[in-house]
Amino acid sequence: MKVTDFDYNLPEELIAQTPVYPRDSSRLMILDKLTGNIEHKHAFTDIIDELSEGDVIVFNNTKVIPARLFGHRKESGGKVEVLLLTPCGSNRWECLVKPGKKCPIGQEIIFDHRLTATVIDKTDFGGRIVEFSCEGVFDDIIEELGQMPLPPYIHETLKDQDRYQTVYAEHKGSAAAPTAGLHFTPELLKRIQDKGVTEVFITLHVGLGTFRPVSVDNVENHVMHSEFYSVSEDAAAIINQAKKAGKRIIAVGTTSVRTLESATNEAGILQAGSGNTEIFIYPGYTYKMVDALITNFHLPQSTLLMLISALAGRDHCLNAYHEAVKEKYRFFSFGDAMFIR
């Protein structure tokens, strides 16, 4: 299976640069995973009509940290950008560093008088392991010095930083937002509850695995980067009970999908607990837990497009994407939504 099998033509002007207000006023496409039939909805609030009493809708409640740090190399004063990805021990983080070639092992980076870092190792994915030294509380300093790590295809300045957080974000740790959740408002969540739909929260901290480009020709040769996830005992019990009763499990976003499918065993039982996942879902994969998915429109040739193609079929998904381009839907993080049912 070739990566180019998941390509499509996307005009640059359809890449959303700013979020819509209110959150739930984005457009919504409905895709039937069995027939490929497509429906166009005026606003995301119409998702309420697609949900039924007894459904379980699963959200990723990770919270984006201001993970972009700007500093300089101690000796030369040259500028350095550091993107925090994953904590990996006391004061140590896996990071992306630019320019990487000028930050070898042993390089010291200064952010301000309270915070410095030393590169102590390289990773298989071209990143760095850095060890921080700080005077004060690390999280507080990061909140002050860091910037929200918007995707590289967004060129506009985000005036409201909270707009890159879901309204239910709780557990800090992500380098990117679980963007399908950005469409939900407190009012819409209340309406969903009132309809008899159960809302469940799990956690996956979004890192390099979710947005790293595919650099190989054959899909099967791509290796996902590890990301941390957690499923509580209560969440597992609610989801397993609903699944056993024949109710739909609806994931909000590909990160919720990856968590649910990673934590579900071959018997179809969701296991409570936490760990790291490198799951790579592409056509040929058989879903064990997820029945339906709320998601955004993804990059050409991306692992996220492959994931939804495993759920709804590559031809159905690419046809829906061609239709979305034709109808001028907004794409990517701040774009419109799709419900695969």
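This is a predicted model: local features need pLDDT of at least 70, side-chain atom pairs count only at pLDDT 80 or more; totals for chains, interfaces and linings use all residues.

Reader: How far apart do the C-alpha centres of domain 1 and domain 2 lie?

Author: Domain bounds come from an automatic or database domain assignment. Domain 1 takes residues 3-64 + 160-340, and domain 2 takes 68-145. The distance between their C-alpha centres is 31 Å.

Reader: What area do domain 1 and domain 2 bury between them?

Author: Contact means heavy atoms within 4.5 Å. By that rule, 10 residues of domain 1 touch eight residues of domain 2. Buried area is the accessible area (1.4 Å probe) that two parts lose on being put together, summed over both. Carbon and sulfur atoms carry 67% of it here, and the total is about 730 Å².

Reader: Which side chains meet in a salt bridge?

Author: A salt bridge needs a side-chain nitrogen of Lys or Arg within 4 Å of a carboxyl oxygen of Asp or Glu. The rule finds one across the interface of domain 1 and domain 2. The N to O distance is 3.5 Å, and the partners are Glu143 and Lys172.

Reader: Is Glu94 buried or exposed?

Author: Glu94 lies in strand β7, residues 92-98. Beyond four places in sequence, its contacts include Arg128, Thr123 and His225. Buried means under 20% relative accessible area, exposed over 50%, and partly exposed in between (1.4 Å probe, protein chains only). Glu94 has 12% relative accessibility, so Glu94 is buried.

Reader: How far apart in space are Ile142 and Ile38?

Author: Ile142 sits in helix α1, residues 138-145. At 5% relative accessibility, Ile142 is buried. Ile142 and Ile38 are 104 residues apart in sequence, and their C-alpha to C-alpha distance is 44 Å.

Reader: With which side chain does the side chain of Thr295 make a polar contact?

Author: Thr295 belongs to strand β16, residues 292-296. Its relative accessible area is 1%, so Thr295 is buried. A polar contact is a pair of N or O atoms within 3.5 Å; within protein, one must be able to donate a hydrogen and the other to accept it, and residues adjacent in sequence count only if both atoms are side-chain atoms. At 2.7 Å, the partner of Thr295 is His298.

Reader: Which residue does a cis peptide bond join to Lys98?

Author: Omega of this bond is about -5°.

Reader: What is phi of Asn91 near?

Author: Asn91 is in the loop between β6 (79-87) and β7. At 44% relative accessibility, Asn91 is partly exposed. Its phi is positive in a residue other than glycine, near 65°.

Technical notes:
Residues are numbered from 1 along each chain as its sequence is written. Side-chain values use heavy atoms; hydrogens and water are left out. Helices (H or I, at least four residues) and strands (E, at least two) are DSSP runs, numbered from the N terminus.
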